[in-house]
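Open the model in your viewer and keep the selection panel at hand. The stops below go from one selection to the next.

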Amino acid sequence: SGSKFLFKNYQLKHFKDFHTFAIDSRGHGQSRSVDDRYSIEQYSCDVIRFCEALRIEKAYIVGYSDGGNISLFLALKAPKVFQKIVAISPNYLASGSTDGTLELTKRVCKILMSLKRIGINTTKQLMRLDLILNDIGLCENDLRRIRTNMRILYAEKDMVKEDHILDIHHHIPDSTIREIMKCSHITIPYQAETIADIREYFAAC
């Protein structure tokens, strides 16, 4: 999730032989929102509505970080539309994030709350960080119900615990998984190994 500008040039450079869409998540980039709370499920419904509006009946998904979490909902809600999904560093439980990630997020939230108390509007930023600190709303049984073809990628130095990512893989039937070495949660989308893996996965029958 996030602003489309994170991936617009990325898609044009590495996936120019595909018809691609980069979407602003609700409340990010150029999108507008009057919500008082964001949720990963809500984001997934927005993607589904986007496809309905453009009459997209079949699509492949690359979801990174929060986008990886969104892709879990897309796989469950609309498997006929989203027939192949790459989920990069997903986590469905807040506890799946590393302790360092959670601690840093809580510290940033405290700073933003302090700024809010003196009149600086930090509501949107707090709403976004709240997504890291809460479970996304899926359980193990939901993951077991997923039938979409799913590829899971994660970084050697990820912000999501390896055990948690492996747990997701084990629960989703027939999913495949790969660890991308010598990179972090921030850099994994841009690794040549990541891009090659995604292209190979999409090209396979």
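What separates Glu52 and Arg49 in helix H2? They are three residues apart in helix H2, so about one helical turn lies between them. Before going on, note that this is a predicted model: local features need pLDDT of at least 70, side-chain atom pairs count only at pLDDT 80 or more, and totals for chains, interfaces and linings use all residues. Residues are numbered from 1 along each chain as its sequence is written, and side-chain values use heavy atoms, with hydrogens and water left out.

**Stop 1: the pair in H2**

Keep Glu52 and Arg49 selected. They form a salt bridge, with the closest N and O atoms 2.8 Å apart. The term means a side-chain nitrogen of Lys or Arg within 4 Å of a carboxyl oxygen of Asp or Glu. Arg49 is partly exposed, with a relative accessible area of 43%. On this scale, buried is under 20%, exposed is over 50% and partly exposed is in between (1.4 Å probe, protein chains only). Helices (H or I, at least four residues) and strands (E, at least two) are DSSP runs, numbered from the N terminus.

**Stop 2: salt bridges across the chain**

The structure holds 12 salt bridges. Select Arg199 and Asp17 next. Their side chains meet in a salt bridge at 2.8 Å, N to O. Arg199 sits in helix H8 and Asp17 in the loop between helix H1 (8-14) and H2, 182 residues apart. Arg199 is partly exposed at 30% relative accessibility, while Asp17 is exposed at 52%.

Now pick Lys161 and Asp99. The closest N and O atoms of this salt bridge are 3.7 Å apart. Lys161 lies in the loop between E3 and H7, Asp99 in helix H4 (residues 99-117), and 62 residues separate them.

**Stop 3**

Show the strands. An open sheet of four has the order E1-E2-E3-E4, with parallel pairing. Two strands pair if DSSP finds at least two bridges between them. Strand E1 (59-64) and strand E4 (176-184) are the edges, each pairing on one side only. Neighbouring strands are turned by 15° against each other on average, direction ignored. Zoom in on strand E3 (residues 149-157) and E4: they pair in the parallel sense over six bridges. Ala155 has Ile180 in E4 as its bridge partner.

Then select helix H8 (residues 192-203). H8 lies across E1, strand E2 (82-88), E3 and E4, running at about 165° to E2. Axes are lines fitted to C-alpha atoms, for helices over the stretch in contact, and angles run from 0 to 180 degrees between N-to-C directions.

**Stop 4: the cores**

Which residues have the most contacts inside the largest nonpolar core? They are Leu72, Leu74, Phe82, Leu143 and Met150, in a core of 32 residues. A second, separate core of 13 residues includes Ile88, Leu153, Cys183 and Phe202. Such a core is a set of buried Ala, Val, Leu, Ile, Met, Phe, Trp, Tyr and Cys residues joined through side-chain atoms within 4.5 Å.

Centre on Leu72. Beyond its neighbours within four places in sequence, its contacts (heavy atoms within 4.5 Å) include Pro90, Tyr92, Ile136 and Met150.

**Stop 5: the cysteines**

Finish on Cys45. Its sulfur is 12 Å from the closest cysteine sulfur, in Cys51, too far for a bond. Counting pairs of cysteine sulfur atoms within 2.5 Å, the model has zero disulfides. Cys45 is partly exposed at 26% relative accessibility, whereas Cys183 is buried at 5%.
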